[in-house]
Amino acid sequence: MPGRPSRALELADDALLADRAADGDERAFAVLLRRHGPVLRAYITRLTRRPSESDDVLQEVALAAWQALPKLENPALVKAWLFRIAERQAFALLRKQPQHAELDDEVPAEHDEEARWDARRALQAALTRIPEQQAQVWVLREMGGLSYSEIAERLAIPESTVRGALAQARKKLLDSMGDAR
């Protein structure tokens, strides 16, 4: 029965689409992904700084969302829910220790570029050594450019917790990175 969604489905609000998708409607889920996919991809790219892996992460987001949709308590908040899934998937990617440079990345030719790559790898490794909430807050603030209140809303924590976690993350990252600073 999957096929091109009807015009009514294309115009439906997110809550209705999420309800239908939770009941197994693949066309409703496809509309949600078409509607929010481009901004999710951009957000993932902004968080990870890995454009070549954004589509793979977005596929993981889609799979995780499809599997968890029946548990979504408030379908009207499906967009925010998708962003939280995207954040978790992006953070999971950042926490992985890179074994080698991506195949489609150019090999740095100059010393400055090599130093930037080394610093990036050191940062990725350092992010794996701090508590997850601190890493999330740091990435959302420093790489994602979100305000304290936006981070608090995204992570469902008080703004004071955001500020404290950010301060702790900054200190631990600086200590952890040592010479890579």
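**Exercise 1. Contacts along the chain**

Task: Take the contacts in the protein between residues at least 6 apart in sequence, and find what percentage join residues at least 24 apart.

Solution: 
- Step 1: Keep the contacts between residues at least 6 apart in sequence; of these, 64% join residues at least 24 apart.
- Step 2: Remember what you are looking at: this is a predicted model.
- Step 3: Now look at the elements that the chain forms. The protein has 9 helices and 0 strands, and reading along the sequence gives α-α-α-α-α-α-α-α-α.

**Exercise 2. Inside and outside**

Task: Work out what percentage of the residues in the protein is buried, and what percentage of the accessible surface belongs to carbon and sulfur atoms.

Solution: 
- Step 1: The protein has 181 residues, and buried ones make up 40% of them.
- Step 2: The accessible surface comes to about 10600 Å², with 51% of that belonging to carbon and sulfur atoms.
- Step 3: Proline 51 sits in the loop between α3 and α4. Exposed means over 50% relative accessible area, so proline 51, at 59% relative accessibility, counts as exposed.
- Step 4: Find arginine 41, which is 10 residues from proline 51 along the chain; their C-alpha atoms are separated by 8.7 Å.

**Exercise 3. The largest nonpolar core**

Task: Find which residues of the largest nonpolar core touch the most other members, and which element supplies the largest share of this core.

Solution: 
- Step 1: The core has 52 residues, and those touching the most other members are Trp81, Leu127, Val137, Trp138, Val139 and Leu140.
- Step 2: Several helices each supply at least two residues of this core, among them α2 (14-22), α3 (26-48) and α9 (159-177).
- Step 3: The largest share, 10 residues, comes from α5.
- Step 4: Zoom in on valine 137. Leaving aside neighbours within four places in sequence, valine 137 is in contact with Ile151, Leu155, Ile157, Val162, Ala165 and Leu166.

**Exercise 4. A cavity**

Task: Find the volume of the largest cavity and the residues that line it.

Solution: 
- Step 1: Counting cavities of 30 Å³ or more gives 1, and the largest cavity has a volume of about 40 Å³.
- Step 2: Its lining is made of Phe91, Leu94, Arg95, Leu127, Glu132, Ala135, Gln136 and Val139.
- Step 3: The elements giving two or more residues to this lining are α5 (78-95) and α7 (132-143), and α7 provides the largest share, 4 residues.
- Step 4: Sort the lining by class: 5 residues are nonpolar, 1 is polar and 2 are charged.

Methods:
Residues are numbered from 1 along each chain as its sequence is written. This is a predicted model: local features need pLDDT of at least 70, side-chain atom pairs count only at pLDDT 80 or more; totals for chains, interfaces and linings use all residues. Side-chain values use heavy atoms; hydrogens and water are left out. On a 1 Å grid over the protein atoms alone, a cavity is a set of points where a 1.4 Å probe fits but cannot get out, and a pocket is an open set with protein on both sides within 12 Å along at least five of seven lines; lining residues have an atom within 4 Å of a point. Grid points are joined across faces, edges and corners, and a volume is the space filled by probe spheres set on the points. Ala, Val, Leu, Ile, Met, Phe, Trp, Tyr, Cys and Pro count as nonpolar, Asp, Glu, Lys and Arg as charged, and the others, Gly among them, as polar. Buried means under 20% relative accessible area, exposed over 50%, partly exposed in between (1.4 Å probe, protein chains only). Contact means heavy atoms within 4.5 Å. Accessible areas come from the Shrake-Rupley method with a 1.4 Å probe; for residues, only the protein chains shown count as cover. A nonpolar core is a set of buried Ala, Val, Leu, Ile, Met, Phe, Trp, Tyr and Cys residues joined through side-chain atoms within 4.5 Å.
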